[in-house]
Amino acid sequence: MNKIAVKYTRVSTNQQDARGSKVEQDKHIEKFAEKENYLVIETFTDTDHGDKDNRIGLEDLKSYLRLNQSIKYVLVYHSDRFTREFRNGMRDLFYLEELGVTLISALEGVVKVDGTYDSLPSLVRLIGAQEDKAKIVKKVTDNMYNYAKTNRYLGGSVLPWLKVIKGDISGVRCKIMVKNEDTWRFYRKVLLDVIRYRNIAKSASVNNINAVTLASWLSMPELIGLRTFGKKGKLNKNHNKGRRKEYFTTDSPVLPALLSKEEYSKIQEIRRTNRVKSREDTEQYIFTNMTFCGCGGKLAGNAFRKGKRLHKYYRCEKCKIRYNAKVLENILSEEILNHPHLHMINDYEFRLADIIDEITEYKITLKKKQNIEMDILSLIIEGLASKDTASKKLKELKKEITDLELIISKKEELLTEEQQKEITEDHIEMLRFFLTNITEDLIQDLKEILNLLIRKIVIEDLENITIKF
Ligand SMILES: [Zn+2]
């Protein structure tokens, strides 16, 4: 016996609507309904943002349920289609509960809100990026702020001359940062060598460590045992993540000091006159590993020195064409930020639709080739074609089929990979911030985000750039 249900779909922009991702949601729900024995008798739909109040389709759905109390199920593709905003989401879910209606997500199953343990996942999901979360974050950061005046470990990377051990602070058992006896002498020597040679790069090379990393340590108050806190985090209402100019530094040492105050001030003096200039590091070329030339070659970052100036460029490994690094990076940043994909990239269906389309097309081609192969084979069997004349054609076909099968399996791998990636609006905001504020210490973060968002960039020439998200 079928369970009577209605379904609800929503896409967040008109563009997505045109892409037909509502159709995709419908398809998934219908499939789910058939499998789970639901009879869908009505559809409600909205096109807008999830956190916008008064969605017409949703309001219609609610009145409909009020009038037709025999309907006990609402099917959605994913609970975030029903709502993305916590307070309204709860209100709507309670409305359903009051009518004895259950919300069922094709992807997640029953979305419970009855306050039992089982309803926790739905609640957590609904909380999303809302104010309640902001309160929790504030509580945690306030707490961390207090602990920042101690040597308590608060997560993140640890300077290599320190280590984390179990300990306690005012009777509270926790992880603390202490001197790393194994590395302490080495890093102290590296720092003292900077003073000795009055040269950062020289100390780096003598001690075989990265000059850029060394240079980044030299201004740290941590060297004399002070602790800094709050360097990374929400910058303002537009930028959730970034590196703040203002941050907290303790008044007195709380960490083991690698240098004396005198040594530290000598290093500050050296820093002012001796900067690490040359950077052969590929780390600083943000678009390496994802950028390709029209000829198929990979573009790799490199630099040459002419007089006092360092010329940075990207060069194709195959045809050797070069692009000025700054020019290319600026163009790419612009292209990425203005690309329509970026505005809807967080939509799961949308991001995957392209790959699915590609796979479908390859499969159609494969099927055609296989049919031709079958036709030729049956002609041979029926004696209408000679094996010799057909064998060349068959060989060609065999190869094309193998190639296509390989492409399809690669694309399917990619699809699985992409399905595991979760991209949030936070990532996009961060990307926007990073691309407009590229600084050396952000490059690594920026590269990670770019790799998460962008599959491939192909550059035919500077006017002809394709970005695949
Ligand atoms: Zn090339």
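Colleague: Before anything else, what is pLDDT?
Modeller: The pLDDT is the predictor's confidence in each residue, from 0 to 100. This structure is a predicted model, in which local features need pLDDT of at least 70, side-chain atom pairs count only at pLDDT 80 or more, and totals for chains, interfaces and linings use all residues. Residues are numbered from 1 along each chain as its sequence is written.

Colleague: Where in the chain is confidence lowest, and where highest?
Modeller: Helix 1 (residues 14-19) has the lowest confidence, with a mean of 46, and helix 8 (residues 184-197) the highest, at 95. Helices (H or I, at least four residues) and strands (E, at least two) are DSSP runs, numbered from the N terminus. The chain as a whole averages a pLDDT of 79, with 76% of the residues scoring at least 70.

Colleague: Over residues 128-133, how many contacts does the model have?
Modeller: That stretch has a pLDDT below 50 and makes seven contacts beyond near neighbours in sequence. Two residues are in contact if their C-beta atoms, placed from the backbone, lie within 7 Å. Residues 278-282 also stay under 50, and there the model has seven contacts beyond four places in sequence.

Colleague: Turning to the sheet, in what order do the five strands lie?
Modeller: The order is 2-1-3-4-5, in an open sheet with mixed pairing. Two strands pair if DSSP finds at least two bridges between them. Strand 2 (38-47) and strand 5 (109-111) are the edges; each has a single partner strand, so one side of each lacks a neighbour in the sheet. From one strand to the next, the twist averages 30°.

Colleague: In which sense do strand 1 and strand 2 pair?
Modeller: Strand 1 (residues 3-11) pairs with strand 2 in the parallel sense, over nine bridges. Arg-10 has Asp-46 of strand 2 as its bridge partner.

Colleague: Which strands does helix 2 touch?
Modeller: Helix 2 (residues 21-35) packs on the sheet and touches strand 1, strand 2 and strand 3 (73-76), its direction making about 160° with that of strand 1. Helix 3 (residues 56-67) also packs on the sheet, touching strand 1 and strand 2, at about 145° to the direction of strand 2. Axes are lines fitted to C-alpha atoms, for helices over the stretch in contact, and angles run from 0 to 180 degrees between N-to-C directions.

Colleague: Which residues of helix 3 are buried?
Modeller: Leu-58, Leu-61 and Leu-65 are the buried residues of helix 3. They cover an arc of only 55° around the axis, which puts them on the same side of helix 3. The arc is that of the directions from the helix axis to the C-beta atoms. A residue is buried if 20 or more other C-beta atoms lie within 10 Å of its own, exposed if 12 or fewer, and partly exposed in between, with C-beta atoms placed from the backbone. The face turned away from the buried side of helix 3 carries the exposed residues Ile-56, Ser-63, Arg-66 and Leu-67.

Colleague: And how many residues of strand 17 are buried?
Modeller: Strand 17 (residues 464-468) is hardly covered, and the count of buried residues among its five is zero. Strand 16 (residues 456-461) pairs with strand 17 in the antiparallel sense over five bridges, and a hairpin of two residues joins them. Asn-464 in strand 17 stands opposite Asp-461.

Colleague: What stands opposite Gly-301 in strand 14?
Modeller: The residue opposite Gly-301 is Tyr-314. Strand 13 (residues 299-306) and strand 14 (residues 309-316) pair in the antiparallel sense over eight bridges. In their hairpin, Gly-307 takes a positive phi near 65°.
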